[in-house]
Amino acid sequence: MPVLGTLLFIYGNTNSVFSRNSFLQFVGKTSYSTYLWHWPIVVLLTSVGSSKIGHT
């Protein structure tokens, strides 16, 4: 059901302001790869930060 709902939502908004906006298209195309690239760094910094807190 969620996939069908998403499909209908995308199909219904093919000519909306959001789908024609070049900035929003750029954000949509790059957001997942940016998330994947930054997530290991966030996890590493969090684990380093928490290990320093534990050894004060």
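Trainee: Where is Val43 placed?
Mentor: Val43 sits in helix α3, which covers residues 22-54, a helix being a DSSP run of H or I with at least four residues, numbered from the N terminus. This is a predicted model, in which local features need pLDDT of at least 70, side-chain atom pairs count only at pLDDT 80 or more, and totals for chains, interfaces and linings use all residues. Residues are numbered from 1 along each chain as its sequence is written, and side-chain values use heavy atoms, leaving out hydrogens and water.

Trainee: How many helices does the protein chain have?
Mentor: The protein chain has 3 helices and 0 strands, and from the N terminus on its elements run α-α-α.

Trainee: Back to Val43, what is its relative accessible area?
Mentor: Val43 has 42%, so it is partly exposed, meaning between buried (under 20%) and exposed (over 50%), with a 1.4 Å probe and protein chains only.

Trainee: And which residues do the ring pairs link?
Mentor: Tyr32, Tyr35 and Trp39 are linked into a cluster, where rings of Phe, Tyr and Trp (its six-membered ring) pair if their centres lie within 6.5 Å; the whole structure holds 2 aromatic pairs.

Terms used
Helix = DSSP H or I, 4+ residues; strand = E, 2+ residues; numbered from the N terminus. Phe/Tyr/Trp six-rings, centres within 6.5 Å; stacked < 30°, edge-to-face > 60°.
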